[in-house]
Amino acid sequence: MTPHTQTVLRALLGQGVDGERRSVVLTDGLYGLELSKLSGLPNGTLFPLLERLRQAGWVERHWEQDDIAEVEGRPRRRFYRLTSKGADLAPGALAEAMASAPAEARPKLGRPGLAGGTR
């Protein structure tokens with residue numbers, strides 16, 4: 001599993017956001033630009049990756065309702081969220097990928113409240 005795929009799966013699992021926001025991410029998903037910002041991936045990397053995850057049955061996509069976009073005066077957004085299969089398999093796949101990665105390639109998980117995030 002590539003580091004980019006791991007980053008996208010973590011975002012779709014709501015990792016790194018507060019509890020209330022996490023439940024919204026898991027229920028409604030994230031729209032493309034939001035997912036791009038959270039993952040730090042450009043569109044040319046992100047959307048082909050999302051399509052591969054969709055074809056594998058891990059991710060589903062849906063358009064938001066017309067009236068929501070209309071009220072806000074913008075085009076509709078396409079949302080991406082984990083399927084039940086993706087939600088079941090992603091945590092284990094991420095754990096396995098992290099365990100098999102060399103120590104220097106593993107994400108440095110910081111402790112809350114410390115400047116710089118790591119110790």
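The model is predicted: local features need pLDDT of at least 70, side-chain atom pairs count only at pLDDT 80 or more, and totals for chains, interfaces and linings use all residues. Residues are numbered from 1 along each chain as its sequence is written, and side-chain values use heavy atoms, with hydrogens and water left out. An open sheet has 3 strands in the order β1-β3-β2, with antiparallel pairing. There are 2 aromatic pairs. The largest pocket holds about 170 Å³ of space.

**The sheet**

- Helices (H or I, at least four residues) and strands (E, at least two) are DSSP runs, numbered from the N terminus.
- Two strands pair if DSSP finds at least two bridges between them.
- Strands of a sheet pair through backbone hydrogen bonds, either parallel or antiparallel.
- β1 and β3 run antiparallel and are joined by 2 bridges. Here Leu30 stands opposite Tyr80 in β3.
- β2 and β3 are also antiparallel, with 5 bridges. His62 has Phe79 in β3 as its bridge partner.
- β1 and β2 stand at the edges with a single partner strand each, so one side of each has no neighbour in the sheet.

**Aromatic pairs**

- Rings of Phe, Tyr and Trp (its six-membered ring) pair if their centres lie within 6.5 Å; planes under 30 degrees apart count as stacked, over 60 as edge-to-face and the rest as tilted.
- By this rule the count is 2 aromatic pairs. Tyr31 and Phe79 have ring centres 5.7 Å apart and planes at 75 degrees, so this pair is edge-to-face.
- Tyr31 lies in β1 (residues 30–31) and Phe79 in β3 (residues 78–82), so the pair ties together parts 48 residues apart in sequence.
- Phe47 and Tyr80 have ring centres 6.1 Å apart and planes at 55 degrees, so this pair is tilted.

**Exposure and a charge over a ring**

- Buried means under 20% relative accessible area, exposed over 50%, and partly exposed in between (1.4 Å probe, protein chains only).
- Phe79 is buried at 14% relative accessibility. Tyr80 is buried too, at 8%.
- Phe47 is partly exposed, at 29%.
- A charge sits over a ring if NZ of Lys or CZ of Arg is within 6 Å of the ring centre and within 35 degrees of the ring normal.
- The charged end of Arg77 sits over the ring of Tyr31, 4.0 Å from its centre.

**The largest pocket**

- On a 1 Å grid over the protein atoms alone, a pocket is an open set of points where a 1.4 Å probe fits, with protein on both sides within 12 Å along at least five of seven lines; lining residues have an atom within 4 Å of a point.
- The lining has 13 residues, and the closest to the pocket centre are Asp28, Gly29, His62, Glu64 and Phe79.
- α2 (19–28) and β2 (59–63) each supply at least two lining residues. α2 gives the most, with 3.

- Met98 is found in helix α6 (residues 84–100). Met98 is partly exposed, at 26% relative accessibility.
- Met98 and Pro3 are 95 residues apart in sequence and 9.6 Å apart in space, C-alpha to C-alpha.

Definitions and conventions:
Grid points are joined across faces, edges and corners, and a volume is the space filled by probe spheres set on the points.
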